[in-house]
Amino acid sequence: MKLGSLKSGRDGRLVVVSHDLAWCADAAHIAPTLQAALDDWDRVAPALENLATDLAHEVIPMMRFHERHAAAPLPRAFQWADGSAYVNHVALVRQARGAELPASFWTDPLMYQGGSDRFLAPRDPIRLIDPAWGYDLEAEIAVVTGDVAQGADAATARTAIRLVGLVNDVSLRGLIPDELAKGFGFVQSKPASTQSPVFVTPDELGDAWQDGRLSGVLKVDLNGQPFGRADAGTDMTFDFGVLIAHLAKTRDVGAGSIVGSGTVSNRGPDGGPGRRIADGGVGYSCIAELRTVETIQTGTAATPFLQAGDVVRIAMEDHHGHSIFGSIEQVVEAG
């Protein structure tokens, strides 16, 4: 089942979306918003599944689903916690800052509490306020949870995953070092993140979803050129069950919480930092990784961070080449 929100008020209007993302059906008579559905999931989900079946059989009123008219599936959420499932990414960006990677990072996830009061729609622009802030894209997988009790283990946490989607977690690289030096986490260096047009239930993903991991190529294009083709199921140190259990160690986690994977990142075949797509590698899911590799190889980072006029596109396809979540496509605009 694929769920999305059309732009309407602060929290959107819930729709069920067809498998091919071409059509949708209003679900307001079942739940007015996606958050309302998540709050009462056990009762609401079967009705939404029936609506999805009726939509597939074209026996109910339906309308075209236009990604450019979609809001974020959860335009605001009770919680956004972004993890560090791909430790290779953490190692590279710390190397760029000249910071050592503690051994514990391979056994205990990093996680920060991001702003969840507003998520951008998949076609909303990235506002470039000051280029010196170092605007960077970060292509991630994210899951939406049901209620999770404090102390839940990873296996239990996996059963609470309701939906899976994509996120562009924009980062301001020029602001991060000073914020981290304060020892109190990200605030200014993490503006609003962007969600894919639809979030999908894990069963929609078939064999690509296994043990809290999503396998498949995460396609990142920058200005129409392939930038990243990392496989989300490769080099994922911590699955989503582990990330959710980490979040729930000392508190209950409420339905509608969004947990991010962190930037999807693959090592090179030799265990190194990987290569550009043009050089036979799978590329990168953020600019910071490429700049780190450039620094390692030449002593200087040559690729600029995002500039006004740049276009970022993030998507994932199934094994038939069909879009799963729709596309995040954002123009960088001087704000």
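1. Which residue forms a salt bridge with Arg13? The partner is Asp26, with the closest N and O atoms 2.8 Å apart. Arg13 sits in strand 2 and Asp26 in strand 3 (residues 23–26), so this pair links distant parts of the chain, 13 residues apart. Arg13 is partly exposed, at 26% relative accessibility. Asp26 is also partly exposed, at 29%. Note that this is a predicted model.

2. The salt bridges number 19. One of them joins the side chains of Asp124 and Lys7, at 3.9 Å from N to O. Asp124 is in the loop between strand 7 (111–114) and strand 8, while Lys7 is in the loop between strand 1 (2–6) and strand 2 (13–17), so the contact ties together parts 117 residues apart in sequence. Asp124 counts as buried because its relative accessibility is 17%, under the 20% cut-off. Lys7 is partly exposed, at 49%.

3. Look next at Asp136 and Arg173. Their salt bridge has its closest N and O atoms 2.9 Å apart. Asp136 belongs to strand 9 (residues 135–136) and Arg173 to the loop between strand 12 (171–172) and helix 5 (176–181), so parts 37 residues apart in sequence are tied together. Both residues are buried. Shared partners join Asp136, Glu138, Asp169, Arg173 and Lys190 into one network of salt bridges.

4. Five strands form an open sheet in the order 8-21-20-17-18, with mixed pairing. Strand 8 (126–128) and strand 18 (225–231) are its edges, each pairing on one side only. Neighbouring strands are turned by 15 degrees against each other on average, direction ignored.

5. Strand 17 (residues 217–222) runs antiparallel to strand 18, and six bridges join the two. Lys219 has Arg229 in strand 18 as its bridge partner.

Notes: Residues numbered from 1 in each chain as written. Predicted model: local features only at pLDDT ≥ 70, side-chain atom pairs only at ≥ 80, totals over all residues. Heavy atoms only, no water. Pairing = 2+ DSSP bridges. Helix = DSSP H or I, 4+ residues; strand = E, 2+ residues; numbered from the N terminus. Axes fitted to C-alpha atoms, helices over the stretch in contact; angles between N-to-C directions. Salt bridge = Lys/Arg side-chain N within 4 Å of Asp/Glu carboxyl O. Buried < 20%, exposed > 50% of the residue type's maximum accessible area, 1.4 Å probe, protein only.
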